[in-house]
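Here is a note to read beside the model, written as numbered points. Please keep the structure open and find each residue as it comes up.

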Amino acid sequence: MSATLRPARAADAPAVAALMRDCFTATFGHLYAPEDLAAFLDGLTLERWRAEIADAAFAFLLAEENGRLVGFAKLGPHSLPVTPTGPMIELRQLYLAADQHGRGLAQAMMDWVIATARQRGAGELFLSVYVDNHRARRFYERYGFETVGRYDFMVGNHRDEDDLMRLAL
């Protein structure tokens, strides 16, 4: 792994937005009608990214290589339809550029996610993952995440089925 990991700053919002758009489209874009994909991506505004980066309830980790943003992870407060047993946090996003897969970067980022969740006092870490995203599911399962339910994730008017996963910290 040759990427550098660091926290996000407000000035990073355009790069985060572009990476999210590129990664989501490359991974899932073929599943949706163009208008549904556009509606979903248009909702991820620069203002929203800037607000989340500035909000202490969120935590961002960026991965850069040679001045290029190649990945990011975002933790955030409770939003999924789960009933935590105590303090919790959610892994809202973990995205890597395709050329970074298999290089150890995802593991380094997940180690940060888990450490940060613990530092923030969470006893549980939740996430949702598309049921047919087998690579991501296997990755999370290696860390001990267990499926605890299903969730309808909306992309425009298209309803995806996601698994809700939980890790006890």
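Predicted model: local features only at pLDDT ≥ 70, side-chain atom pairs only at ≥ 80, totals over all residues.

1. I begin with a pair of strands. Strand β6 (residues 146-155) pairs with β7 in the antiparallel sense over nine bridges, where two strands count as paired if DSSP finds at least two bridges between them. One of these links is that of Met 154, whose bridge partner in β7 is Arg 159. The two strands form a hairpin with two residues between them, and Gly 156 in the turn has a positive phi of about 65 degrees. Strands here are DSSP runs of E with at least two residues, and helices are runs of H or I with at least four, numbered from the N terminus.

2. Residues are numbered from 1 along each chain as its sequence is written, and side-chain values use heavy atoms, with hydrogens and water left out.

3. The structure holds 14 salt bridges, a salt bridge being a side-chain nitrogen of Lys or Arg within 4 Å of a carboxyl oxygen of Asp or Glu. Side chains of opposite charge can pair when their charged atoms come close. In one of the bridges, the side chains of Asp 163 and Arg 137 meet at 2.3 Å, N to O. This pair links distant parts of the chain, since Asp 163 lies in strand β7 (residues 158-168) and Arg 137 in helix α5 (residues 134-142), 26 residues apart. Both Asp 163 and Arg 137 are buried, which here is under 20% relative accessible area, with exposed being over 50% and partly exposed in between (1.4 Å probe, protein chains only). A network of salt bridges links Arg 137, Glu 141, Arg 150, Glu 161 and Asp 163.

4. Which residue forms a salt bridge with Glu 90? The partner is Arg 92, with the closest N and O atoms 3.0 Å apart. Glu 90 is buried at a relative accessible area of 1%, whereas Arg 92 is partly exposed at 27%.

5. Helix α3 (residues 46-54) contains both Arg 48 and Glu 52, four residues apart, about one turn of the helix. Their side chains meet in a salt bridge of 3.7 Å, N to O. Arg 48 is partly exposed, with a relative accessible area of 41%, while Glu 52 is buried, with 8%.

6. The buried residues of α3 include Trp 49, Glu 52 and Ile 53. They cover an arc of only 100 degrees around the axis, which puts them on the same side of α3; the arc is that of the directions from the helix axis to the C-beta atoms. The face turned away from this buried side carries the exposed residues Glu 47 and Ala 54. Among the elements that cover the buried residues of α3 are α1 (13-28), β2, β3 (68-76) and β4 (88-96).

7. Finally, consider Glu 65, which is found in strand β2 (residues 59-65) and counts as buried at 11% relative accessibility. Its side chain is joined to that of Ser 2 by a polar contact of 2.3 Å, and to that of Gln 100 by a polar contact of 3.2 Å. A polar contact is a pair of N or O atoms within 3.5 Å; within protein, one must be able to donate a hydrogen and the other to accept it, and residues adjacent in sequence count only if both atoms are side-chain atoms.

Notes
Contact = heavy atoms within 4.5 Å.
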